[in-house]
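I opened this structure to look up helix packing and aromatic rings. My entries are below.

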Amino acid sequence: MDTHRDYHVAAVLSMTGRTLGIERFPATASGYRQLHAWAVQWGAIRGAGVESSGNYGAALSRYLLSQSTPVLEAPGPGRAARRRQSKSDRGDAELAARAVLSGRARSPVKSGTGAAEIARLYLVVKDSAVKAQRQAVNQLKAILVTADPALREELAGLSRRALVSACLALNEGDDRTDPVVRATRFTLRVLAERNEQLRAQALMLERRLSDLIRSHYPQLVDAVGIGPHSAAVLLTAMGDNADRLRGEASFAALCGASPVEYSSGNRQHRRLNRGGNRQANAALYRIVMTRLRWDPRTQAYYERRLTEGKTRRETIRCLKRYVAREVYRLVHGGHRSDRCGTHHDELTTARPPSS
């Protein structure tokens with residue numbers, strides 16, 4: 001399926017690769033039912049490939065999964081192939097079907113029906129609130145640069161929190177006050193109020209995230225250095241159907257924490273992975289930095305690897321790989337209540353990896 005905002009284009013292929021049909025359907029609930037009924041008329045569906053399964057194709061993927069249809073993320077043809085051929089919706093739908101038939105499409109789509117999807121929604125709103133809050137404070141400081149000297153000196157030297165509180169208490173003045181000064185005071189107060197509203201929203205969403213993680217994956221936040229936000233980011237990357245990943249190595253590669261071979265001749269070397277989900281990679285980095293500050297076991301491992309000749313970046317990469325392994329096992333074992341405690345005990349006594 002080649003997915004779009006208002007419609008989807010579906011192509012059906014036989015097991016021998018012959019194109020049986022290509023049709024266009026509206027991106028609505030009735031359109032999904034029509035698409036499935038149209039595809040079934042050609043025979044039993046062995047698998048489906050959906051482009052943009054995390055965006056325009058998310059609802060379609062969930063519907064197909066509810067119909068017990070195996071759904072895979074269909075990769076695009078790539079820039080090189082795109083240059084050699086024309087582009088059309090019908091062609092893209094057929095390429096998605098051929099990616100499934102050839103085995104090039106291998107990643108099952110996220111089910112989007114559990115705690116990971118809820119965490120993703122909370123994270124989207126929380127991150128936008130934090131970003132807008134930062135913008136409001138920056139605008140407030142920018143206005144102060146050109147403000148009346150008396151007002152600027154009155155608010156100079158204050159911390160960000162104290163500055164916002166002082167701007168909340170600003171009074172416009174009376175009719176004898178200069179109009180520009182009155183407008184400046186009013187603008188600063190509005191920006192301070194906006195900052196407080198966004199701060200309240202971010203705190204509320206942080207609490208919701210914390211309650212969600214603690215109710216569904218308490219073993220995650222019980223681990224050293226893993227807070228609710230980082231846990232939510234990693235869960236979002238993993239998805240609700242954790243079994244779609246082949247193992248902890250697959251999850252590490254998804255987070256960009258797996259080593260990449262970079263050897264030539266007599267030089268044997270592994271470099272940092274610059275691919276994968278960068279938000280998940282940043283979450284692993286925050287966890288590692290927290291453990292380097294507070295966890296004696298991580299500190300001892302860090303010092304040992306430095307004495308062995310590893311660089312700081314290589315050692316942190318090793319630690320991120322270890323954290324990815326631990327998170328995967330905690331989440332994957334968290335669905336089995338009878339084994340959750342055993343997994344946690346094993347992890348808390350395990351040593352970080354040697355490479």
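Predicted model: local features only at pLDDT ≥ 70, side-chain atom pairs only at ≥ 80, totals over all residues.

**Entry 1: α1 and α2.** I looked up how helix α1, residues 29-40, lies against helix α2, residues 58-66. Their axes come within 10 Å and cross at roughly 50°. For the hand of the crossing of α1 and α2, I wrote down right-handed.

Next I listed the residues that meet. From α1 these are Tyr32, Arg33, Leu35 and His36, and from α2 they are Ala59, Leu60, Tyr63 and Leu64. By class, I have six nonpolar residues, one polar and one charged in the contact of α1 with α2.

**Entry 2: α10 and α12.** I then turned to helix α10 (residues 228-238) and helix α12 (residues 278-294). They pack at an angle of about 145°, and their axes are 9 Å apart. The crossing of α10 and α12 is left-handed.

On the α10 side I found His229, Ser230, Val233, Leu234 and Ala237 in the contact. They meet Gln279, Ala280, Ala283, Leu284, Arg286 and Ile287 of α12. I sorted the residues of the contact of α10 with α12 into seven nonpolar, three polar and one charged.

**Entry 3: α10 on its own.** How many residues of α10 are buried? I got 10 of its 11, and have put the helix down as mostly covered. The buried residues are Pro228, Ser230, Ala231, Ala232, Val233, Leu234, Leu235, Thr236, Ala237 and Met238. I also checked the backbone just after α10, where Gly239 has a positive phi of about 90°.

**Entry 4: aromatic rings.** I looked for aromatic pairs and found four in the structure. One of them is formed by Trp38 and Trp42, with the rings edge-to-face. The centres of these two rings are 6.4 Å apart, and the angle between the planes is 85°. Trp38 and Trp42 also belong with Phe25 to one aromatic cluster.

Is Trp38 buried or exposed? Its relative accessibility is 13%, so I count Trp38 as buried, the limit being under 20%. Trp42 has 39% relative accessibility and therefore goes down as partly exposed.

Key: Residues numbered from 1 in each chain as written. Heavy atoms only, no water. Axes fitted to C-alpha atoms, helices over the stretch in contact; angles between N-to-C directions. Helix = DSSP H or I, 4+ residues; strand = E, 2+ residues; numbered from the N terminus. Left-handed = near helix turned anticlockwise from the far one by under 90°. Contact = heavy atoms within 4.5 Å. Nonpolar A, V, L, I, M, F, W, Y, C, P; charged D, E, K, R; others polar. Phe/Tyr/Trp six-rings, centres within 6.5 Å; stacked < 30°, edge-to-face > 60°. Buried < 20%, exposed > 50% of the residue type's maximum accessible area, 1.4 Å probe, protein only.
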